[in-house]
Amino acid sequence: MKVNQMLNALPVLQKMMELKLPIKKAYKIYSLAKSIEDKRQFFIQEEKKLIDKFNAEILENGNIKFNSTEDQMTFSKGYSDLMNYEVEDLLSIELSFEDLGDVEFTPRDLMTLEGVINFVE
């Protein structure tokens, strides 16, 4: 699974963490979310290193200001490489549809969970 896919799954997992579930299912979801959050923190640090490498400035609105267009293009390439990095040791879990009861998910929610949750019938 690539970093960007992993990061996209986190908001849906956070939604799932609000569910009242049997302890074993809740713990599986918690462990998965914690694992992704730990990895997210690592990649945030890597992103900061990349920003520092180009002496870029993070503006109040979250945008990044570069000293040159060339720096911005090189950063974009490095950032793209970072987001496409394969995360190899990511925990994945199995859940049945019954485990989640009547909780409503969008098809996009389910798509973002692909690779971290394997739904079984």
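In this predicted model, phenylalanine 119 counts as partly exposed, at 24% relative accessibility.

The structure holds six aromatic pairs. Another of them joins phenylalanine 42 and phenylalanine 43, whose ring centres are 5.1 Å apart; their planes stand at 80°, so this pair is edge-to-face. Phenylalanine 42 is partly exposed, with a relative accessible area of 47%, while phenylalanine 43 is buried, at 7%. Together with Tyr85, Phe42 and Phe43 form one aromatic cluster.

The two pairs are set out below.

| Pair | Distance of ring centres | Angle of planes | Arrangement |
|---|---|---|---|
| Phe42 and Phe43 | 5.1 Å | 80° | edge-to-face |

The largest nonpolar core has 24 residues, of which Met6, Leu13, Met16, Ile36, Leu113, Val116 and Ile117 touch the most other members. At least two residues of this core come from each of H1, H2, H3 and S3. H1 gives the most, with seven residues. Beyond residues up to four places away in sequence, methionine 16 touches Ile29, Leu95, Leu100, Phe105, Leu113 and Ile117. A second, separate core consists of six residues, among them Ile51, Phe54, Ala56 and Phe75.

Helix H1 has 14 residues, and the distance from its first C-alpha to its last is 20 Å, close to the 20 Å expected at 1.5 Å a residue. At leucine 10 this helix bends by about 30°, and proline 11 follows within four residues. Its buried residues are Val3, Met6, Ala9, Leu10, Val12, Leu13 and Met16. These buried residues of H1 pack against H2, H3, S3, H4 and S4.

Helix H3 (residues 69-83) comprises 15 residues and should span 21 Å at 1.5 Å a residue; the separation of its end C-alpha atoms, 21 Å, agrees with that expectation. Phe75, Gly78, Leu82 and Met83 are buried in H3. Viewed down the axis of H3, the buried residues fall within an arc of 135°, so they line one face of the helix. They pack against helix H1 (3-16), helix H2 (23-53) and strand S2 (64-65). On the face of H3 turned away from this buried side are the exposed residues Thr69, Glu70, Met73 and Lys77. Phe75 of H3 is also included in the second core.

The loop between H3 and S3 contains glutamate 86. This glutamate 86 counts as partly exposed, at 37% relative accessibility. Its C-alpha atom is separated by 5.5 Å from that of methionine 1, although glutamate 86 and methionine 1 are 85 residues apart along the chain. Apart from its neighbours within four places in sequence, glutamate 86 is in contact with Met1 and Lys2.

Terms used: Residues numbered from 1 in each chain as written. Predicted model: local features only at pLDDT ≥ 70, side-chain atom pairs only at ≥ 80, totals over all residues. Heavy atoms only, no water. Expected span 1.5 Å × (residues − 1). Buried < 20%, exposed > 50% of the residue type's maximum accessible area, 1.4 Å probe, protein only. Arc of directions from axis to C-beta. Contact = heavy atoms within 4.5 Å. Phe/Tyr/Trp six-rings, centres within 6.5 Å; stacked < 30°, edge-to-face > 60°. Core = buried A, V, L, I, M, F, W, Y, C linked by side-chain atoms within 4.5 Å. Bend = angle between axes of the 7 residues up to and from the residue.
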